[in-house]
Amino acid sequence: MDNAQLWQRYQDWLYYNEELGFYIDISRIDFDDAFVAQMEPKFDKAFQDIAATEAGAIANPDENRMVGHYWLRDPDLAPTAELKQDIVETQNKIIDFKEKVHSGVICPPSGGKFTDILSIGIGGSALGPQFVAQALAPHNPPLKIHFLDNTDPAGIDKVLTEIGDRLPYTLVSVISKSGGTPETRNGMLEVKKVYEDNGLDFSAHAFAITGKNSKLEAVAKEERWLDIFPMRDWVGGRTSELSAVGMAAAALQGIYVRDMLKGAKMMDALTRKSSIKENPAALLALAWYAAGHGKGEKDMVILPYKDSLLLFSRYLQQLIMESLGKEKDLDGKTVNQGIAVYGNKGSTDQHAYVQQLREGVNNFFLTFVEVLEDREGDTVEVESNISSGDYLLGFLLGTREALSEKQRESITITIPQVNEITVGALIALYERAVGIYASLVNINAYHQPGVEAGKKAAASVLDIQTKLIEELQNTQTPISLEDLASKIQASDRLEIAYKILRHLHANQRGVILEGNFSNPDSLKVSWPGN
């Protein structure tokens with residue numbers, strides 16, 4: 001297309017909502033009117049599926065669950081009065097808790113006020129709160145947030161070192177729906193020990209966000225933690241940012257969570273429209289389907305041109321890949337669906353991977369995120385009539401043009417500024433687009449059997465470790481890897497057994513390995529004192 005044709009196509013496909021000041025441009029995705037007409041029956045079904053989900057239908061048949069994250073920002077949509085009351089009461093309870101912490105009514109045992117919050121969670125219990133903290137936390141928040149989102153001992157130590165002498169003034173949030181998530185449990189136990197080693201009462205600093213009747217709820221009640229906020233089984237981890245999971249941390253940092261809910265509610269209303277051109281989430285889903293031919297044949301690259309949106313791609317990585325990455329469709333047919341997501345930020349990407357995006361393998365489409373407002377306060381000119389923000393826009397538009405010249409497809413989303421309303425709207429937009437796309441390709445977006453398989457595999461590894469240690473402690477002489485594995489009926493897991501033993505040896509955990517490490521079969525294994 002020449003420039004005049006591109007300009008006309010831009011106007012034909014531009015979506016704008018005045019109330020949100022929100023634009024979506026899918027004109028640089030390669031599709032035509034015939035494709036849109038062909039897709040309309042699929043979209044009609046998707047709109048019906050979404051309406052049924054919001055009305056309380058079982059949208060996750062594998063787990064026989066409703067999917068209700070939409071009700072969080074509009075409790076009137078909840079299918080029962082009890083659910084509506086639960087949502088409203090939880091939100092009010094979070095605000096009340098925040099106000100008591102900020103005012104010092106809820107305070108450390110030693111007096112004063114809490115200055116920091118340590119959030120312990122993984123996956124959806126970390127990625128959403130991290131994204132929102134990066135995007136919206138004020139420069140001098142009432143509580144500065146820190147995250148433990150892994151079971152890496154060195155990472156745990158680093159975070160606790162950063163907190164340092166503020167530990168007595170640090171509030172701890174422990175987030176796990178089941179209460180048995182290993183990474184979260186491990187972080188809690190490590191942090192609890194640090195509090196105890198410093199003569200501090202952990203329970204006077206901790207609150208839980210967890211499912212009803214979970215292991216974590218039982219612990220929090222027994223130890224008399226400060227409070228417990230609910231995680232409901234109709235809200236999945238990757239769609240939980242606007243539940244207690246994200247709202248508690250955000251509110252404590254001084255983020256206006258009511259405005260986040262308002263922005264999400266406004267976007268939800270726009271994405272209920274049953275016309276592709278009038279529905280921003282449908283436009284996104286249409287673009288994703290066209291770019292990847294409905295089979296995820298192209299990766300999604302997210303490029304926000306704003307430092308505060310740095311973690312948006314990481315947040316979307318889980319939301320999209322965990323929702324859409326499925327082996328089977330709803331009819332049990334093997335489809336191997338999914339869209340791979342990665343990203344950086346503009347204009348950092350100019351010096352990172354745009355070279356490959358323009359001249360390498362054309363296996364992706366981009367989403368540029370543009371923010372109209374450069375900064376709060378006066379503009380600073382770095383050249384005559386040119387500011388740093390002008391350069392940022394120049395890099396965005398220039399990159400878009402350079403990629404378009406090479407037939408690299410792109411979407412552009414534009415928001416007026418990064419604030420609670422626009423961030424809430426972005427979260428709602430992508431949650432809805434995922435739901436619509438899942439319907440288009442006939443998959444369950446709300447379960448994660450692959451994640452569960454990984455958890456089971458990890459548990460089996462730890463079971464082998466326990467058996468290896470028990471056997472070694474009862475073996476009086478050095479033994480070969482093969483013989484040791486045989487004794488615990490793990491001959492078919494010899495590589496796993498070797499790597500477990502190597503890890504224990506490297507950390508001086510009792511295992512002694514002797515021999516040629518370039519030839520693991522030659523190694524002998526023993527236990528000290530045997």
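N336 is found in the loop between α11 (312–324) and β11, where helices (H or I, at least four residues) and strands (E, at least two) are DSSP runs numbered from the N terminus. Although N336 is not a glycine, it has a positive phi of about 45°. With a relative accessible area of 54%, N336 is exposed; here exposed means over 50% relative accessible area, buried means under 20%, and partly exposed lies in between, for a 1.4 Å probe and protein chains only. The model is predicted, so that local features need pLDDT of at least 70 and side-chain atom pairs count only at pLDDT 80 or more, while totals for chains, interfaces and linings use all residues. Residues are numbered from 1 along each chain as its sequence is written, and side-chain values use heavy atoms, with hydrogens and water left out.

A second residue with this kind of backbone angle is Q508, which has a positive phi of about 55° although it is not a glycine. Q508 sits in the loop between α17 (494–506) and β17 (512–514), and its relative accessible area of 74% makes it exposed. Another backbone feature is the cis peptide bond from G346 to S347, with omega near 0°; S347 belongs to the loop between β11 and α12.

The loop between β11 (341–343) and α12 (354–359) also holds H351, which brings us to the annotated positions. In an unreviewed UniProt entry, the annotation "active site" covers E322, H351 and K455. These three span 134 residues in sequence, and because the farthest two C-alpha atoms are 37.2 Å apart, they do not all gather at one spot. UniProt positions are given in the numbering used here, with feature names shortened, and annotations may be inferred rather than shown by experiment.

The domain assignment, whose bounds come from an automatic or database source, gives domain 1 (3–61 + 273–447), domain 2 (69–255) and domain 3 (450–526). The C-alpha centres of domain 1 and domain 3 lie 46 Å apart.

Helix α7 (residues 215–222) can be followed in some detail. Its residues L216, E217 and A220 are buried, and seen down the axis of α7 the buried residues fall within an arc of 100°, so they line one face of the helix; the arc is that of the directions from the helix axis to the C-beta atoms. An α-helix has 3.6 residues a turn, so residues three or four places apart point the same way. The buried residues of α7 pack against β7 (170–176), α6 (182–197), β8 (206–211) and β9 (227–231), where contact means heavy atoms within 4.5 Å. On the face turned away from this buried side, α7 carries the exposed residues K215 and E222. At the start of α7, a side-chain oxygen of S214 reaches to within 3.3 Å of the backbone nitrogen of L216, and α7 is followed by R224, whose phi is positive, near 60°.

Beyond β9, S243 lies in the loop between β9 and α8 (244–252), and counts as buried at 10% relative accessibility. Leaving aside neighbours within four places in sequence, S243 is in contact with L72 and V235.

Side chains of opposite charge can pair when their charged atoms come close. A search of the whole structure finds 26 salt bridges, a salt bridge being a side-chain nitrogen of Lys or Arg within 4 Å of a carboxyl oxygen of Asp or Glu. One of them joins the side chains of R73 and E431 (2.7 Å, N to O). R73 lies in the loop between β4 (65–66) and α3 (81–103) and E431 in helix α14 (residues 420–440), so this pair ties together parts that are 358 residues apart in sequence. R73 counts as buried at 4% relative accessibility, and E431 is buried as well, with a relative accessible area of 2%.

The side chains of D76 and K84 also meet in a salt bridge (2.7 Å, N to O); D76 is exposed, with a relative accessible area of 57%, and K84 is partly exposed at 34%. In helix α15, K467 and D463 lie four residues apart, about one turn of the helix, and their side chains meet in a salt bridge (3.3 Å, N to O). K467 is partly exposed, with a relative accessible area of 38%, and D463 is partly exposed, with a relative accessible area of 39%. Elsewhere, salt bridges that share partners join E54, R73, D268, R272, E431 and R432 into one network.

Terms used
Polar contact = N/O pair within 3.5 Å; in protein donor to acceptor, adjacent residues only side chain to side chain.
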